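Reader: Could you walk me through one residue of this protein up close, and then show me how it sits in the rest of the fold? Keep it plain, please.

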Amino acid sequence: MYIAMNRFKVQTGSEGNFEAMWKNRDSSLAEMKGFREFHLLRGPVNETEGYTLFASHTAWASHDDFVAWTKSENFRAAHRNVGTTKVHYLGHPQFEGFSVVEGA
């Protein structure tokens with residue numbers, strides 16, 4: 001199993017727009033070979049730096065299935081409008097990928 005995560009620093013005040021963008025997106029993940037699950041996670045608020053931490057989390061049967069997703073037309077369509085939303089970020093998303101060592 002392979003887990004792909006993107007961490008987002010969402011500027012204070014943009015959290016609602018960020019969550020709505022994810023909830024209302026046209027997702028085709030379920031159509032992709034090896035896709036297992038998706039979660040959008042809301043983390044702590046950093047009042048000093050003015051952001052809320054979020055992470056998108058997808059689980060895949062294998063790293064190869066994830067890579068195939070990133071090279072697909074579905075991926076390009078899902079990311080087509082990035083940067084045109086009313087969400088304000090502090091920096092670019094940070095990607096982290098993990099191969100499962102143990103667990104269900």
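Author: Thr58 counts as buried, because its relative accessibility is 10% and the cut-off for buried is under 20%. Bear in mind that this is a predicted model. As for its place in the fold, Thr58 is part of strand E3, which covers residues 51-60. Its side chain has a polar partner there: it makes a polar contact with the side chain of Trp60, at 2.9 Å.

For the protein as a whole, 73% of the contacts with a separation of 6 or more are between residues 24 or more positions apart. Buried residues, with Thr58 as one of them, make up 32% of the 104 residues.

The fold itself has three helices and four strands, and along the sequence they come in the pattern β-α-β-β-α-α-β. The radius of gyration is 14 Å, close to the 13 Å that the globule rule gives for 104 residues, so the protein is as compact as a globular protein of that length.

The accessible surface comes to about 6,900 Å², and carbon and sulfur atoms hold 51% of that. On the charge side, there are 11 positive and 12 negative side chains, with the centres of the two sets 5 Å apart.

Definitions and conventions. Residues numbered from 1 in each chain as written. Predicted model: local features only at pLDDT ≥ 70, side-chain atom pairs only at ≥ 80, totals over all residues. Heavy atoms only, no water. Helix = DSSP H or I, 4+ residues; strand = E, 2+ residues; numbered from the N terminus. Rg over C-alpha atoms; globule rule 2.2 N^0.38 Å. Buried < 20%, exposed > 50% of the residue type's maximum accessible area, 1.4 Å probe, protein only. Contact = heavy atoms within 4.5 Å. Areas by Shrake-Rupley, 256 points an atom, 1.4 Å probe, with all protein chains shown as cover. Lys, Arg positive; Asp, Glu negative; His and termini not counted. Charge placed at Lys NZ, Arg CZ, Asp CG, Glu CD. Polar contact = N/O pair within 3.5 Å; in protein donor to acceptor, adjacent residues only side chain to side chain.
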